[in-house]
Amino acid sequence: MLSIMPKVEEKLEKRYTGGLSRRARITRNLTLIIPATILALMVIVAIFANLSWLGLPNIGLAPHDPTTGVITDRFLPPSFMEGGKSEYLLGTDRLGRDVLSRVIYGTRVSLSISLLVIFITAFIGTVLGIISGYLGGRIDGFLMRATDMALSFPGILLALLLAVSLGPSYWTVVLALSILGWAPYTRMVRGEALKLSEADFVAQARIIGTPPIRIMVRHIFPNVINSLVIMMTLSVGMIILMESTLSYLGVGITAPTASWGNMVADGRSYLDTAWWIAAFPGIAIGLVVMSGNFLGDWLRDRLDPRLRQV
Amino acid sequence: MTRFIILRLLFAFVALLGIVVIVFFLVRASGDPMSLLANPNMSEEQYEHIKERLGLDKSWGEQLVIYMGDLAQGDLGESLLREKPVIDIIKQALPNTLKLIIPSFAIAMLMSLILGVLAATYRDSFWDTGVKFLAVLGQALPGFWVAIMAVLIFSVNLRWLPVAGMATPAHYVLPVATMVFFILPGMMRLVRSSMLDVLDSEYIKMARIKGLPERLVIWKHALRNALITPLTVAGMIFAMLVTGAVITEQVFNWPGLGRMIVTSTFERDFPVVQAITIITAVFVLGINLLVDISYAYIDPQIRYQKM
C-alpha cells in the first residue's frame, strides 16, 4: 500500500496524529467503541441465548422460551409500564410470549444470515472482481455489464420469486441475498485490481514469467483485503435490513421462529393496544445496523481513506 | 456509435433471454410445478385440465419454446386465482403504484438537491451535520418499521391521518413520507458527494475568480455538473423505488403492483410474480441501456471499448 500511495499515507499520518484536535480524537474513538461494544454484545447474546448447543437447553440469557407463550399473560406491557409484570421486561405478545426473549433469539437469525451471506458474496465478488480487473478485455466487459444489471435489479422481487418457487425459509433468504449481493464486491475489487495490475510489483512479477493465476492470488488478492474487510463490515447492516424486510413481508423467516422482521409484522395488527410488540424489534434492527455502518466507516477512515465517498 | 449501440442492444437482448430462462427453470426448481400451481382442493379433472392447459404434459424443451413464443407476443400468462390474464391485473394495479412513486420521487429529488447542495456548500456546518444525521438514521432504520411507527404516532395516537387506503389526499401523506424517507438518504448523499467533487474542480475556482456571485456558481455551474453523477446510478435509484413501493404498499394496504406481488407470493400465484419480475427485468435492462448510451455520448472513450 505504501509504495502505491505514499502521499495519501503521509497526509493520513498528519491527519490522524497531529492534525486532529483532542475533541475530534475522542469523537473518533467513540465511533469505534460504542458500535463495537453493541455488536460484541449482540454476538454474545446470540451465542448464549441458550446453551442447547452444549446440551444445556435450560440455561441461557433469554429469560423465557421464545416460541411457547403463557396464554394468561397475553399482551402484557413492558415491566416499566403500568400493568407490566417484572418477569417480562419488554412485555408479551398476542400468544403471551416474552418479547425480550424473542428479540434475543432474533439476534441469532439476523447475525447468522448476515455472516453467511457476507462470506458467500464476498468470496464470489472477489474472485470475479480480480478476474475482471486483472484480465480485462471481453471478460471484463461482460462481467461489468452483468454487475450493472445485478446492482439495479430490485433484490426484493428476486426474493419473492424464490419464496414462491422454493417456499419461504432460512436458506431461501440466504440464496436470495447472495444471488445479487456479489455485485458491489465485484465492482469494488475490480477497480482495485485494475489499479494494482499497473503497479510496478505486478509488472515485475509478469516479467519474470509468473503465471496469471499466481499473480492474481499472491500479488493482487493480498492488496485488496483491506478494502474487502471494510466492505464486508459495511454490508452487515444492509443484509440485516434486507433479511428483516423479507421476514416482515412473510417470505423470509416464518413463524413460530422469532426474527425481528416477522415480530414487527406480528405487532402491526396490535398497534393500538400493544405497540411494544412492533417497537422493540425495530429498535434492535436500528441499533445493529447503525453499529455496523459506524464500524465500517471507522475502518474505512483508518484503513483506506481512498474509498471514502465523503 | 452505431456499432456501440448495436452491441449494447445485443447484450441487453441476450441478458433478457438469460433472465427468462432462469425464471422458467425457477418455477420448475422445486420439482413438480403443479404442486405450485394447483391447490389441494382441486378435483382430479381440474388438475388434469390445468396441467394440459399450461402445457405441463409436454417435455421441458417444448415448454420453453412455447413459453418464449408467448412472451414474444406479449402474453404473460394467466393468473391462477383470479382467472384473468396477468396483463389485465397489472394494468389495474400500475396506476396506483405510479400515484405513489411519482410524487415521492419528485419530493425526494427536490429535497435531496436542496439538502445535498446545502450540505456540500456549507461543509461541517449545521446543515451538513443535519444531513449526515438524517442519512445515518435513514440507512439504519428499516423502512417498514418507520412506517409502522408513523402509523402508531399519527394515526393511532394523534388520529390525524388515516391508517390505510388511498381515498383522500390525507391518505397519501404517510405512504409518500415513508417512500421519501426510504429513498432520500441515498440520493442526498449522492448529491452531496458529487457536489463536493465538482466544487473542488478548476472551473468552479475559475468561476469564482471571475467574480461570479456565489449563488450563481453553486446553483448554476456546480449543480449542473454535479447532476451527471446521479445519472450513472439511475438503475440503482430504480431498484430503490421498486423496493420502497413493495414495502410501503404492504404497510399501507395500497392496491398497487408492490402489494399485488406480495399477495401473489402468499397465494402462490406464480404467473403474476413471474410476470412482474420479467417486466422489471425489462425496465432494468432498458435503464442500463439508456444510461450506457447517454454516457457514450458524453464520453467518447467509452464508445471504443470492446463491449
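Q: Which residues does B:Ile148 touch, leaving out those up to four places away in sequence?
A: This is a predicted model. In it, B:Ile148 touches A:Val264, A:Arg268, A:Leu271 and A:Ala278 of chain A, plus B:Val251 of chain B.

Q: How many residues of each chain are in contact with the other chain?
A: On the chain B side there are 49 residues, in contact with 42 residues of chain A.

Q: Which helices of chain B each supply at least two residues of that side?
A: They are α1 (2–29), α6 (126–140), α7 (143–157), α8 (169–199), α12 (234–251), α13 (257–266) and α14 (270–298) of chain B. The largest share, 10 residues, comes from α14(B).

Q: And how do the residues on that side of chain B divide by type?
A: Into 35 nonpolar, 12 polar and 2 charged.

Q: Back to B:Ile148. What about the largest nonpolar core, which residues have the most contacts inside it?
A: B:Ile148 is one of them, and the others are A:Ala159, A:Leu160, A:Ile239, A:Val264, B:Ile183 and B:Ile261. The core has 150 residues. Its largest share, 17 residues, comes from helix α8 (residues 212–249) of chain A.

Q: Switching to B:Met187. Where is it found, and is it buried or exposed?
A: B:Met187 is found in helix α8 of chain B. It is buried, because 24 other C-beta atoms lie within 10 Å and the cut-off for buried is 20 or more.

Q: What is B:Met187 in contact with, beyond its neighbours within four places in sequence?
A: B:Ala108, B:Met109, B:Ser112, B:Pro230 and B:Ile237.

Q: Chain A next. What elements does it have?
A: Chain A has 10 helices and 0 strands. The C-alpha trace of chain A spans about 75 × 55 × 40 Å along its principal axes. Of its 310 residues, 46% are buried.

Q: What share of the chain A contacts with a separation of 6 or more is between residues 24 or more positions apart?
A: 66%.

Q: At what angle do α2 and α3 of chain A pack?
A: Helix α2 (residues 22–47) and helix α3 (residues 99–135) of chain A pack at about 105°, with their axes 8 Å apart. α2(A) and α3(A) are therefore roughly perpendicular.

Q: Which residues make that contact?
A: From α2(A), A:Met42, A:Val43, A:Val45 and A:Ala46; from α3(A), A:Ile104, A:Thr107, A:Arg108 and A:Leu111. They divide into 6 nonpolar, 1 polar and 1 charged.

Q: What does A:Leu61 touch, and where is it found?
A: A:Leu61 is found in the loop between α2 and α3 of chain A. Not counting residues up to four places away in sequence, A:Leu61 touches A:Val45, A:Phe48, A:Ala49 and A:Ile104. A:Leu61 counts as partly exposed, with 16 C-beta neighbours inside 10 Å.

Q: Last topic, confidence. Where in chain B is it lowest, and where highest?
A: It is lowest in helix α2 (residues 33–37) of chain B, at a mean of 62, and highest in helix α5 (residues 86–121) of chain B, at 89. Where pLDDT is low, the predicted coordinates should not be read in detail. Chain B averages a pLDDT of 82, and 92% of its residues score at least 70.

Q: What does the model score for ipTM and pTM?
A: ipTM is 0.81 and pTM is 0.83.

Notes: Residues numbered from 1 in each chain as written. Chains lettered and ligands numbered in written order. Predicted model: local features only at pLDDT ≥ 70, side-chain atom pairs only at ≥ 80, totals over all residues. Axes fitted to C-alpha atoms, helices over the stretch in contact; angles between N-to-C directions. Helix = DSSP H or I, 4+ residues; strand = E, 2+ residues; numbered from the N terminus. Parallel < 35°, antiparallel > 145°, perpendicular 65-115°, else oblique. Contact = placed C-beta atoms within 7 Å. Nonpolar A, V, L, I, M, F, W, Y, C, P; charged D, E, K, R; others polar. Core = buried A, V, L, I, M, F, W, Y, C linked by C-beta atoms within 7 Å. Buried ≥ 20, exposed ≤ 12 C-beta atoms within 10 Å, placed from the backbone. pLDDT = per-residue confidence, 0-100.
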